[in-house]
Amino acid sequence: MHFCESPATIAGLFLLGRALSYVLYGDKGSGAFCVEAALAEAGAKYEFWTVSLDKNEQKSPAFLAINPSGKIPALRMPSGEIATETAALLLIIAERHPQTSLLPPVGTADRAQALRWIAFMASEIYPIVEIVDYPGRFAPSGSAADALREKAKERVRERLLTIEHAIAGPWMLAGGFTAADIYAAMFSRWSVGKDWRDANLPKINALAAALSQRPAIAPVWAKHFGT
Ligand SMILES: N[C@@H](CCC(=O)N[C@@H](CS)C(=O)NCC(=O)O)C(=O)O
């Protein structure tokens, strides 16, 4: 289903989606991967509505009404309210589906570490990805923007190495799989280049391979990142 279908169709499907399931607004290979993987892990019903980054649909008036920051992913809850921010969405899904292992139990040392690494990636990596993807938003276009993009890529690589060194193996935490693994695997597919990743991030690569084999997540991984 495409985001820019006729308004009547969208309105009808909105209502249907609202009544029955989550509605995830996103695009393939984007931050929507995390949210879709968490929903799949939870066994939750959801609709995936494409907001095309190639077509800049995240800046369309229709989508800005959903997320005024003009970014995907956004998630409409079955009860109708919208939430955004990938890290928050991971935590919201974990909270609403406590039968999953997306987050360790409240008050445990493992939960503290899962929250720590999710916050690290949200604050230290995701904003730098915007500079890699859209350097012209931060520097005059041309050689200044190109140089900035390269510097930003270096920072993403440095911060992914911090994650690499923190991985217990196969998952980030010795206690097992959490939402932090979904987030880490996604960032390793962006910005840094496959050759560099293969040479420098063996633990994240192994984590991503394990994630891509989880029964619920396997089809989501294939959809967003291929096999
Ligand atoms: N702070 C947001 C960042 C989301 C974000 O940057 N999403 C990217 C796609 S992965 C996007 O929509 N980029 C389009 C743009 O910045 O115009 C989050 O954590 O969800």
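The model is predicted: local features need pLDDT of at least 70, side-chain atom pairs count only at pLDDT 80 or more, and totals for chains, interfaces and linings use all residues. Residues are numbered from 1 along each chain as its sequence is written.

I then listed the nearest of the 13 residues around the ligand: Ser30, Gly31, Lys71, Ile72 and Thr86. A residue is near if its C-beta atom, placed from the backbone, lies within 6 Å of the molecule.

I checked the domains, whose bounds come from an automatic or database domain assignment. Domain 1 (7-96) and domain 2 (109-225) both give residues to the shell, so the ligand lies between them.

I turned to α5 (109-133), which gives the largest share of the shell, 3 residues. Helices are DSSP runs (H or I, at least four residues), numbered from the N terminus. α5 bends by about 30° at Ile125, and Pro127 follows within four residues. The bend is the angle between axes fitted to the seven residues ending there and the seven starting there.

I noted the buried residues of α5, among them Trp117, Met121 and Ile125. Buried means that 20 or more other C-beta atoms, placed from the backbone, lie within 10 Å of the residue's own.

How values were computed. Helix = DSSP H or I, 4+ residues; strand = E, 2+ residues; numbered from the N terminus. Buried ≥ 20, exposed ≤ 12 C-beta atoms within 10 Å, placed from the backbone.
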